[in-house]
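User: Hello! I would like to learn how to read aromatic pairs and helix packing in a model. Could you take me through them step by step?

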Amino acid sequence: MTTSTGPAVPERIDPPLVAGERRMLESWLDFHRATLLRKCAGLDDARLRQAAVPLSPLTLLGLLRHMAEVERAWFRRVLGGEEAPPLYYSDEDLDGDFRVTADDGWDEVHRTWHREVTAARETVTDRSLDDLSTGTRRGERYSLRWIYVHMIEEYARHNGHADLIRERVDGTTGE
């Protein structure tokens with residue numbers, strides 16, 4: 001088990017007020033990625049594993065694990081058509097990405113999340129917003145534009161959860 005602390009508060013750049021569509025979407029996605037890391041900043045592994053409420057598996061570390069899975073699923077599997085098996089969940093435990101144990105720590109989870117974000121950025125490099133995914137989900141192909149909008153929504157929703165968890169863990173509030 002590691003006893004590292006989460007990152008120092010990472011830089012978070014406000015999205016531009018005026019920009020082309022792609023830059024705007026990518027900026028908002030990066031803003032929300034940084035927001036989740038800011039919610040984890042400065043906490044040790046024990047606090048990162050602290051649940052939102054009793055009986056809930058929802059923790060900051062679990063949210064980061066989940067978002068690593070979401071990045072992997074939408075960018076590598078769906079958009080890129082890559083064979084990228086789940087990291088933290090299985091057919092037997094579909095919510096396994098949310099379930100952290102005493103053995104899970106910031107260093108490994110953050111490294112995995114960062115690797116998936118890097119892979120996502122590489123996957124989109126030569127694609128336009130109108131390009132359809134190589135892979136499918138539920139038998140459907142998706143445009144890169146749809147995936148960006150979905151990822152922004154996914155992070156925004158979970159950042160709301162992270163706000164509440166962080167306030168419960170140590171009283172910290174704010175963006």
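Analyst: Gladly! Rings of Phe, Tyr and Trp (its six-membered ring) pair if their centres lie within 6.5 Å; planes under 30 degrees apart count as stacked, over 60 as edge-to-face and the rest as tilted. Here Trp-74, Tyr-142 and Trp-146 form one aromatic cluster. This is a predicted model, where local features need pLDDT of at least 70 and side-chain atom pairs count only at pLDDT 80 or more, while totals for chains, interfaces and linings use all residues. Residues are numbered from 1 along each chain as its sequence is written, and side-chain values use heavy atoms, with hydrogens and water left out.

User: How many aromatic pairs does the rule give, and what is the geometry of Trp-28 and Phe-31?

Analyst: A pair of rings is described by the distance of the centres and the angle of the planes. The count comes to five aromatic pairs. For Trp-28 and Phe-31 the centres are 5.4 Å apart and the planes stand at 70°, so the pair is edge-to-face. Both residues lie in helix α1 (residues 21-40), three residues apart, about one turn of the helix; helices are DSSP runs (H or I, at least four residues), numbered from the N terminus.

User: Are Trp-28 and Phe-31 buried or exposed?

Analyst: Buried means under 20% relative accessible area, exposed over 50%, partly exposed in between (1.4 Å probe, protein chains only). Trp-28 has 34% relative accessibility, so it counts as partly exposed, whereas Phe-31, at 10%, counts as buried.

User: What should I read from two packed helices, such as α1 and α3?

Analyst: Two packed helices are described by the angle between their axes and the distance between the axes. Axes are lines fitted to C-alpha atoms, for helices over the stretch in contact, with angles from 0 to 180 degrees between N-to-C directions. The α1 and α3 axes come within 9 Å and cross at roughly 155°. These helices are therefore roughly antiparallel (angles over 145 degrees; under 35 counts as roughly parallel, 65 to 115 as roughly perpendicular and the rest as oblique).

User: And what is the angle between α3 and α4?

Analyst: Helix α3 (residues 60-79) and helix α4 (residues 106-124) pack at about 25°, with axes 9 Å apart. They are therefore roughly parallel to each other.
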